[in-house]
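Visitor: I have a model open and would like to go through some of its details with you. Could you take me around?

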Amino acid sequence: MLWYAGVRLRGGSGVLDHSPIDQHTRQAQAWLSGRLDLPGAPGYLEIARYRDHFYDSFPPTPSLFELPLALVFGRATPSSLVIGVFWMGALAAAYTVLRRRGFGERDAILTSLAFVFATNVYPSCVRANVWAQGLSLGFSLALIGLAFVVDNPRRGWRGPGPGYLMLSLAIGCRPLLLLMTPLFVALDHRTCGRRLGQALVSAALWMAPVGALLAWLNWARFGDPLEFGHHHLAFAQSLPHGLMSLHYLPWHFYHAVLNLPRIQAHWPPLEFDMNGTAFWLHNPVLVAALGGLAARRLDPWVRAAAAFAFATIGAGILMYESGGWVQFGFRYVIDLLPAGFVVFAFAFDRLPRPLLAASLVTFALNVYGLAGWKHFPRQPRDAPWLQGLPSAPPPSDLSEAGPRPRYPVVPPNREG
C-alpha cells in the first residue's frame with residue numbers, strides 16, 4: 001500500500017505510527033480531562049502562550065478525530081492511520097466526481113491517484129505531524145464534500161447539504177479553505193438542480209454549527225472568535241511585519257514558482273531547499289488545472305468561483321510568513337488542490353497521456369523525497385525580514401521522541 005510505504009520511508013514505525021509532533025493528540029487529551037489549555041509546552045512543539053496558559057495554536061478539527069483514539073491509545077494514537085483512512089475517502093470521492101463528469105473508469109482511477117500520490121500531499125502528509133494532519137485532513141474533507149455538491153440531484157442527508165458540512169470541517173483544518181465556499185455554492189447551483197438562493201441557504205445552515213463551534217473555541221481561549229492562536233506563538237510576536245503581509249510575497253513566490261533543486265556529488269544527488277522549490281515539479285495535475293481555467297467547456301460560474309479560490313487562497317499562502325518551512329516542494333499549495341480538482345474534473349474528460357507521464361515522474365520524485373528526507377540539510381531560515389532577529393533552529397529529528405504504544409501512558413503533568 002502506497003500510504004504504508006510512505007510512512008516507513010519517512011521514518012514511521014508502521015500501521016499504528018504516531019508522530020511526536022502531536023499537538024492535536026495533546027489537545028484531545030486535554031479536552032477529555034475537561035480543560036481547553038494544555039498541561040505543558042515542550043520546547044520542540046509550536047504551542048501558543050496566552051495569559052499564562054498553553055494552547056494548541058492549530059485549527060481544531062484534527063483534534064476532534066483524535067478524541068476516540070486518545071480514549072483507547074492515550075498519547076500513542078495511530079494518527080498516521082487516520083490520514084490513510086481519509087486518503088481512501090478522498091480517493092473514493094474524487095473517483096465518484098470524475099465518473100459523474102464523464103471520465104472512464106481507468107482515467108478516473110488514475111486521476112484520483114495522481115491528486116494524492118503525484119502531488120505535495122504524498123511527501124508532506126504521510127506521517128501525522130501537526131502540519132500534515134491539518135493539510136491532509138483539510139484536503140480530504142474538501143474532496144469528500146465535493147462529492148455531495150457535484151451533479152448530485154438527491155436531497156436531505158444524501159443531497160448537497162452534507163458537502164457544506166464537510167467543507168466547514170475542512171475550514172477547521174485550514175482556514176483559507178473558507179474561500180472555497182463560493183465554488184461549492186456555484187457547483188450546487190449549476191450541477192445539482194437547485195436555485196442559487198437554495199444553495200446559499202443550505203450553505204449557511206449546514207456550515208453554521210461547525211463555524212459557531214470554531215468561533216466559540218477561539219473566543220474561549222483567546223478572547224477573539226477569529227484567533228486560532230498563531231499570533232500568540234513566540235516567533236510570531238517578534239516578526240516585524242506580522243504573520244500575514246505583502247512583504248513576504250516576493251520571497252515565497254520565488255521559492256514556490258522559480259526555485260529548482262540543485263545537483264550535488266554526494267547523497268542525496270538532488271538537494272531541495274527547505275524554504276521551498278517550484279510547485280510545478282511536484283503537482284503537475286495542479287498545473288493542468290490552472291491551464292484548464294481557459295477551457296471552453298468550463299461552466300462560467302465554475303470558472304469564476306474557481307479563479308476566485310485560486311487567487312485568494314494562493315495569495316494567502318504566499319503572504320503567510322513561514323511559507324511552509326521545512327518542506328519538500330512547496331507544501332502549502334495543497335490548499336489549492338481541491339479547487340484544482342474541480343477545474344480538472346470540469347475542463348477535461350480524461351487524464352491526458354503526457355500528464356500521466358508527468359505524474360509518474362512526480363511520483364518517483366516524491367518517493368525520492370520520502371527516502372531522502374532525513375538526509376536533506378536543515379539550514380536555519382534566511383528570509384530577508386529575519387535578518388537581525390535570533391535565528392530559529394531547524395526542527396529536530398524526533399523519530400524516537402514519541403510515546404511507545406507498548407507501555408502504559410503516564411498521566412500528563414498539570415503543573416504547566
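Visitor: Is Phe115 buried or exposed?

Guide: Phe115 is buried, its relative accessible area being 0% (buried means under 20% relative accessible area, exposed over 50%, and partly exposed in between, with a 1.4 Å probe and protein chains only). Before we go on, this is a predicted model, in which local features need pLDDT of at least 70 and side-chain atom pairs count only at pLDDT 80 or more, while totals for chains, interfaces and linings use all residues. Residues are numbered from 1 along each chain as its sequence is written, and side-chain values use heavy atoms, with hydrogens and water left out.

Visitor: How many aromatic pairs turn up in the whole structure?

Guide: A search of the whole structure gives 22 aromatic pairs (ring centres of Phe, Tyr or Trp, with the six-membered ring taken for Trp, lie within 6.5 Å; planes under 30 degrees apart are stacked, over 60 edge-to-face, and the rest tilted). Phe115 and Phe344 form one that is edge-to-face, at 5.9 Å centre to centre and with 80° between the planes. Phe115 lies in helix 5 and Phe344 in helix 16 (residues 337-347), so this pair ties together parts that are 229 residues apart in sequence; helices (H or I, at least four residues) and strands (E, at least two) are DSSP runs, numbered from the N terminus.

Visitor: And what is the relative accessible area of Phe344?

Guide: Phe344 has a relative accessible area of 0% and is buried. Another edge-to-face pair is formed by Trp251 and Trp385, at 6.1 Å centre to centre and 80° between the planes. Trp251 sits in helix 12 (residues 249-258) and Trp385 in the segment after helix 17, so parts that are 134 residues apart in sequence are tied together.

Visitor: Which residues form one aromatic cluster?

Guide: One aromatic cluster is made up of Phe103, Phe115, Phe341, Phe344 and Phe348.

Visitor: What sits over the ring of Trp373?

Guide: The charged end of Arg10 does, 3.9 Å from the ring centre (NZ of Lys or CZ of Arg has to be within 6 Å of the ring centre and within 35 degrees of the ring normal). Arg101, in turn, lies over the face of Phe346, with 3.8 Å to the ring centre.

Visitor: What about Ser57, where is its place?

Guide: Ser57 is in the loop between strand 2 (53-56) and helix 3 (61-73), and at 1% relative accessibility it counts as buried. Leaving aside residues up to four places away in sequence, Ser57 touches Glu46, Ala48, Phe228, Gly229, His230 and Leu233.

Visitor: Which peptide bond is cis?

Guide: The bond from Trp325 to Val326 is cis, with omega near 0°, and Val326 is found in the loop between helix 15 (300-319) and helix 16.

Visitor: What is the phi of Asp52?

Guide: Although it is not a glycine, Asp52 has a positive phi of about 65°; at 59% relative accessibility, Asp52 counts as exposed.

Conventions: Contact means heavy atoms within 4.5 Å.
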